[in-house]
Amino acid sequence: MKPDSIFHTVEISHYIYLSCVLFCIGLFGVLFRRNAIVLLMCIELMLNAVNLLFTAFSSYMGDSSGQLFVFFVMVVAAAEAAVGLAILVMMFRNTRTTDVSFLSNLKG
Amino acid sequence: MRSLLLIFLGAIAILFAGLGKKEIRMLPWAIALLLGALVFIPMDWIANEQPDWVNHIVPYFMMVFDRSALAFMAVIIIAAMLVLGLFGQREITGSDQLGLILFSLCGALILCSFTHMVMLFLGIEALSIPLFVLAGSRKKDLRSNEAAIKYFLMGAFSTAIFLMGCAFVYGGTGTLDLSVMQRVIPGSAAMGGMTGLAKTGVVLLMTGLCFKIAAVPFHFWSPDVYEGSPNRTTLFMATVVKIASFSAFFRLFNFAFSSPLAHGNWSFVLAILAAATILVGNIGALAQRNLKRTMAYSSIAHAGYMLLAILANPLESFWALIVYSLAYAGSSAVVFYILNKVQEKKGNTEFESFNGFGRANRWLGILLILALFSMAGIPVTAGFAGKFLLFSAAFTGFKWLVIVALLGSAISIAYYFRVFRHAFLTEADGDIIKPEWQDSVFLAIAATVLLLIGIWPALITGLQLFELH
Amino acid sequence: MSTSAGYIPILLQILVAVGFVVLALFLSSKLGPSRKTVQKDENFECGIESQGNARYPISVKYFLTAILFVLFDVEVIFFYPYAVNFKDMGMEGFIAVVTFVAIFLAGFIYVWRKGAFEWDK
Amino acid sequence: MELSLLFEKSVLILILTAITLGIATYLTYGERKVAAFLQDRLGPNRAGIYGIFQPLADAGKMFFKEELIPRNAEKWLFIMGPGLAMVTACITSAVIPWGTDLVLFGRNISLQVADVDIGILYIMGIVSVGVYGIMIGGWASNNKYSLYGAIRASSQMISYELSMGLALIAIIMMSGSLSLREIVDQQSGWHGMKWNILFQPLGFILFFTCALAETNRAPFDLPECETELIGGYHTEYSSMKLGFYLFAEYINMFVSSAVMSIVYLGGYNFPFMDAAWFSTHPNWLGAISVAVMFAKVSFFIFLFMWIRWTLPRFRYDQLMHLGWKSLIPLALINMLLTGLGMLLWGK
Amino acid sequence: MPELSKIPWPFLILSFISILCALYVVTSNSPIRSVLALILTFFSISAHYVMLNAQFLAIVNLIVYAGAIMVLFLFVLMLLNLNKETEPLKSNKWLIGAAVSAGLLLLVFTASIQTSSEHIMRHPEAGTGLVKSLGKVLFTDYLVPFELSGILFLAAMVGAVMLGKRDAANESDTEITGREEV
C-alpha cells in the first residue's frame with residue numbers, strides 16, 4: 001500500500017480524458033435538458049471538469065497559477081450561480097415554471 | 001488605470017447616494033463621471049512612453065494601459081456615454097441600475113487592457129454578471145425575464161467553453177500570461193507549430209468569444225435577448241459589450257496567438273465563421289418585420305465585418321476596428337434612440353410604426369438617414385470609412401472574404417432602405433417626437449462623430465500608435 | 001504530513017461512519033416490528049387530516065438569505081489564504097486585505113440598507 | 001504510508017468512533033441530569049444506580065421501535081436524511097488532536113486521526129455539508145412542519161457559518177497555520193497557559209454563539225421548537241432514524257466543544273506541562289493531556305446544557321438579525337483589530 | 001485511449017464514481033436527485049484534487065460548491081417545489097443530436113490529446129497546492145484579480161438584491177404565493 005507511488009503512476013493524459021468526458025457529459029446535458037435549473041447544474045458540471053483539468057496541469061507542471069485560476073473560477077461561478085438563481089426565482093414568480101421551452105414567446 | 005478606478009469608485013458612490021431615496025437624479029453625476037474618465041485617457045496617452053507592451057508589463061499588475069488599450073477604452077466610454085445620455089431620462093429608476101451599468105463598464109475596460117487570462121476571465125464576468133441582471137430589470141415583464149434567463153444561460157455556457165479553452169491552452173503552453181504565451185505558443189518547428197492541446201484550446205477560446213460577440217453559428221441567442229431586454233440594455237449589449245468583446249478578441253488573438261505559425265492554425269476557421277456571420281446576419285435581417293430584431297441581426301452582421309479586423313494584419317486593422325466601432329456605436333445609439341421613442345408612442349417596434357416618421361420629425365429624420373447610411377456603409381459617413389479601412393486591411397490576406405463582406409453590405413442596403421421607405425416614403429402621418437435638450441446634446445455628439453470621422457478618418461487613423469510588435 | 005497520503009485516515013473514518021450508519025439503519029429496520037396501517041402512514045398534521053400539498057413555494061426572503069450567503073461565504077474563503085500568510089506579508093498585505101474588506105463592507109452595508117436582512121416586516 | 005501506521009490509525013478511528021457514540025449516548029443522560037439539577041429535580045434514577053443505564057435502555061429501544069415511513073414521503077431521501085446527518089457528524093472529529101503523542105511498543109503514536117494541511121477548513125467544509133441531512137430529511141417527509149423546520153435550520157446554519165468563519169480567521173492570523181495540531185502547540189507557551197482566549201475574547205464569544213446556532217441548540221433551537229413546529233424537521237421520524245438526528249446533534253455538540261477547546265482554550269495544554277518530569281514520561285503526559293482535553297470538552301458541554309435550560313428561545317427574526325446584523329460586523333471588526341494589533345505591536 | 005489495466009485503481013474507482021454521478025445528473029428525471037448526484041460528483045472531484053495534492057482547492061471545492069452553491073440549488077428546488085413538475089424531455093431527435101455533438105467534441109478532444117501531452121513532465125515538487133504557497137502567490141502576483149473579484153461580488157450582490165427584493169413601492173408585487181412563510 002503505497003499511495004504516493006499510486007499517485008505517481010497516474011499519467012496526465014488520464015486526467016485529461018476524465019475531465020474531457022465530464023465536460024462532454026455536461027455539454028450533452030445542456031443540449032438535451034430543458035429545465036433551467038438542470039441546465040445550470042450541467043454548466044456547473046462543465047466548470048468542474050475545467051477546474052479538474054486546470055488542477056491536473058498545474059500540479060503536474062508544479063506551477064501554482066493554474067490552481068489560482070481554478071480558485072477564481074470557483075468564486076466567480078458562485079457569483080454567477082447566485083445571480084442566475086435570482087433570475088430563475090424571478091422568472092418562476094412570473095411564469096410558475098423553469099422549463100426553458102416555455103420561453104418560446106420569443107421566436108428563435 | 002485612473003479611468004478604471006474613477007469609474008469603479010464612482011459606481012460605488014452612486015450606489016450609496018441613491019440608497020433609501022425614492023427619486024434621485026444620479027444620471028448627471030454618472031455622465032460627469034464618464035467625462036472625467038474620458039479626460040484621463042488623453043492624459044495617459046501623452047504620458048504613455050511604452051513602446052512595446054510585452055516588455056513593460058508592470059509587475060503583478062496583469063493589465064497594461066498602452067495606447068491600443070486606451071483607444072479602445074475611449075471608444076467604450078464614449079459608447080457608454082451615449083447609452084446613458086440617450087436613455088437616462090425615463091428608464092433609469094434607481095441608482096442600482098446605474099451602478100450596475102458602471103460595474104459592467106469596469107469589466108469592459110478590463111477587457112481592453114488585460115495581459116493575463118485571469119483578468120480576461122474576470123473581465124468577461126464583470127461585464128456579464130451585471131448585464132444578466134439588467135436584461136431582466138423589468139421584473140414584471142415576461143419578455144425581459146426570458147431575455148435575462150437566456151442571456152444568463154448562454155453566458156454561463158459560453159464561459160464554460162471559454163474556460164475549457166483556457167485550460168487547454170494552459171496545458172499546451174504551461175502559462176496563463178499573454179506575454180509568455182506569445183513566446184511559447186508557436187511551439188518548436190520540429191513539432192509542427194502548436195501542440196494539439198494548444199490548438200484545441202485556441203479553437204475553444206474562439207468559440208467562447210464568438211458566443212459573446214454573437215458570431216454564427218453561436219448567434220441564435222442574440223435576437224431573442226436583444227428583443228426582450230429593455231431598450232437601454234439592448235443598446236448597451238449591442239455597443240459596449242460587443243466592442244469590449246472585440247477588444248478582448250483582438251488583444252488575445254493578435255498578441256498572444258499572433259505568430260505566423262499559430263496564425264495559420266486558427267485564421268482559416270475564423271475566416272469561415274466571419275463569412276457565415278456576415279451572410280447569416282444580413283439575410284436574417286432581411287426576413288424581419290420588426291426594427292429591434294432587424295437591428296439584432298444587423299448587429300450580428302456587423303460582428304462579422306469586425307471579425308475581419310482580427311484576421312488581418314493587426315497593424316493595419318487596429319485603427320480600422322476603432323473607427324468601425326465608433327461608427328457602429330454612434331449609429332446604433334441614434335437608431336435605438338428613435339426606436340425607443342417610437343416604442344413609447346406606439347407600443348411596438350414593427351416597421352409599420354415608423355410610417356411617416358421622417359416627415360413628422362425633420363431633424364430626427366435626417367439623423368436617422370445619417371445613422372442608416374453609416375450602418376450600410378455609404379460614403380461620407382463614419383461607417384463607410386470604417387468599412388473601407390477594414391476591407392482594405394483584410395484584402396491582402398483574405399480576398400474571398402472581402403468579396404463576401406461586400407456582398408453582405410449590398411444585401412444590408414436592402415433592409416436599411418426598408419426602414420428608410422417606411423420612415424420617409426409612406427403617406428401616413430408619423431408622431432411628432434420632441435427630444436429633450438439633454439437628448440439633443442447627445443444626439444448631436446453622435447451625429448458629429450458619424451460625420452466627422454466620415455469626412456476626415458485621418459483624425460483617428462493618423463494617431464501615432466507605437467509599434468504593436 | 002502534507003501529501004495526499006495524509007488523507008487516507010480521513011477516508012477510513014468516512015468509511016467507518018458510513019458503514020456504521022448503514023448497518024444501524026438496516027438493523028433497526030429488521031429488528032423493529034412493521035405493522036403498517038393507512039392512518040399510521042399519513043403525514044402528521046396535529047391529528048387532523050393533512051391539507052393540500054406540503055411542498056408549496058415559500059417566502060423569497062429565504063432565497064435572498066441563501067444567495068447572500070453564497071456570495072459572502074466565498075468572500076470569507078478569500079481570507080483564509082491571507083490569514084495563513086498574514087505574518088509574512090506585513091503592512092502591504094494588510095492594506096490589500098483592508099481594501100478587499102472595504103469592498104466587502106460596501107456590499108454588506110448596501111444590502112443591509114436595502115433591507116435584505118429585515119425579517120420582522 | 002506503511003501498513004503499521006495504517007493499522008494504528010484504524011484502531012484510533014475505531015476507538016474514536018466508539019467514544020463518540022458512547023459520549024453521544026451519555027449526553028442524553030447528562031442533559032437530563034443537568035436539567036434536573038437546574039430545576040431542582042432528581043432526573044432519571046430508575047435504570048441502575050442514579051439511572052446510569054438509562055441511555056443504554058433508550059438506545060436499545062431505538063432499535064426495536066417500528067420504522068415509519070409516511071406514504072407520501074420520498075422513501076430513499078427520507079432514509080438518506082438522518083444517515084447523512086449522522087455521517088457528517090461522525091467524520092468531523094478526524095482532524096482533532098486529542099492529546100500529545102504516546103509512546104507504545106516503541107512507536108510514537110499520534111492521537112489525531114489525520115493532521116492535514118487544511119485542518120480547520122476541513123471542519124468548516126464538513127459543517128457546511130451538514131446542512132444537507134436536515135434539508136433532505138425535512139423535505140422528503142412531505143410534512144409542512146418538517147419543511148419549515150428544515151428551512152429554518154438550513155437558513156440559520158448558513159447564516160451563522162459566515163461569522164464562524166470570520167471569527168476563525170483572527171485565530172489563523174495568530175497561528176499562521178490551519179492545522180489544529182499547530183494551533184494547539186502554539187498555545188503551549190507561558191507554561192501551557194498561553195491560551196488564545198486571552199487574546200481573542202470577542203472572537204471566542206462570537207464562535208461560541210455560532211457553535212450554539214450551528215448545532216441547533218437552545219436558544220437557537222427554532223428548527224425544532226415544539227410549540228410551533230411539533231418536532232421540526234424530524235416530526236415524521238421514528239426509531240433509529242430519529243435516533244440518528246438526536247445523536248447527530250449531540251455529536252455535533254461534542255465535536256464543537258472539542259474544537260472550541262482546541263482553538264480557544266489551549267486544547268490539551270495544561271499548566272506546567274513543560275515540567276522536566278514529563279519529558280521523560282511521555283505516556284503520563286499523554287494521559288494527562290487527554291484527560292485535560294476531555295475536561296475542557298466537558299466544561300463546554302455543561303455550558304451548552306446550562307444555557308439551554310436557562311435562556312429562553314429567540315424569535316426567528318431576532319435570530320437572523322443577530323446573525324447578520326451583529327455577529328458578522330463584529331467578526332469583521334475583530335479580524336481587522338487583530339490584524340492591526342499584530343502589525344503594530346508585532347507579536 | 002489508455003489501457004485500463006495500466007491505470008492505478010484508486011484513480012479508476014474515483015473516475016468511475018465521477019462519471020457515473022455526472023451521467024446521473026444529466027439523465028435523472030428528478031432535479032433533486034440530480035442535485036444530490038452533483039454533490040457526489042463534487043466530492044469525487046475533491047478527492048481527485050487531494051490525489052493531485054491540491055489540498056486547498058479540494059476543500060474550497062467542498063465549501064464553495066458542495067457547501068454553498070448546491071445548498072442554494074437545493075433551496076430553490078425545494079422551496080419552489082420544482083421536483084414534482086415532470087419535465088417533458090426533448091424528443092429523440094434532440095437526444096441523438098445532443099449525443100452526437102457531445103460525442104464529436106469528445107473525439108476532437110481525444111485526437112488533440114493523443115498528439116500531445118507527453119511534453120508535460122511530472123513535476124516532483126509537492127508544495128504548490130498548499131494553502132500557504134497558494135496564498136503567497138495570490139497576495140502578490142494575483143492581487144489585482146483578487147480585488148477585482150471583490151468588485152464582481154459587489155455587482156452580484158447589488159443584482160441579486162435588485163431582483164430578489166420586493167419593491168417598496170409595490171407591496172403586492174413580489175411575494176411568491178398568496179400564502180405567507182413560516
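Two residues count as in contact here if their C-beta atoms, placed from the backbone, lie within 7 Å. Please bear in mind that this is a predicted model.

I begin with chains A and E. Their contact takes 66 residues from chain A and 75 residues from chain E. On the side of chain A, helix 1 (3-9), helix 2 (12-32), helix 3 (36-61) and helix 4 each supply at least two residues. Helix 4 gives the largest share of that side, with 22 residues. By class, the side of chain A that touches chain E has 45 nonpolar, 15 polar and six charged residues.

Helix 4 of chain A, residues 64-95, also meets helix 2 of chain C, residues 60-113. How are the two arranged? Their axes come within 9 Å and cross at roughly 170 degrees. An angle over 145 degrees counts as roughly antiparallel, and therefore helix 4 of chain A is roughly antiparallel to helix 2 of chain C. The crossing is left-handed.

Which residues meet there? From helix 4 of chain A they include V75(A), A78(A), L85(A) and V89(A), and from helix 2 of chain C they include V60(C), F63(C), I67(C) and V74(C). This contact has 14 nonpolar residues, no polar ones and no charged ones.

Finally, I turn to helix 2 of chain C itself. A straight helix of 54 residues would span 80 Å, whereas helix 2 of chain C spans only 18 Å between its end C-alpha atoms. Helix 2 of chain C bends by about 130 degrees at M89(C). Just after this helix, G115(C) takes a positive phi of about 85 degrees.

Thank you.

Notes
Residues numbered from 1 in each chain as written. Chains lettered and ligands numbered in written order. Predicted model: local features only at pLDDT ≥ 70, side-chain atom pairs only at ≥ 80, totals over all residues. Axes fitted to C-alpha atoms, helices over the stretch in contact; angles between N-to-C directions. Helix = DSSP H or I, 4+ residues; strand = E, 2+ residues; numbered from the N terminus. Parallel < 35°, antiparallel > 145°, perpendicular 65-115°, else oblique. Left-handed = near helix turned anticlockwise from the far one by under 90°. Nonpolar A, V, L, I, M, F, W, Y, C, P; charged D, E, K, R; others polar. Expected span 1.5 Å × (residues − 1). Bend = angle between axes of the 7 residues up to and from the residue.
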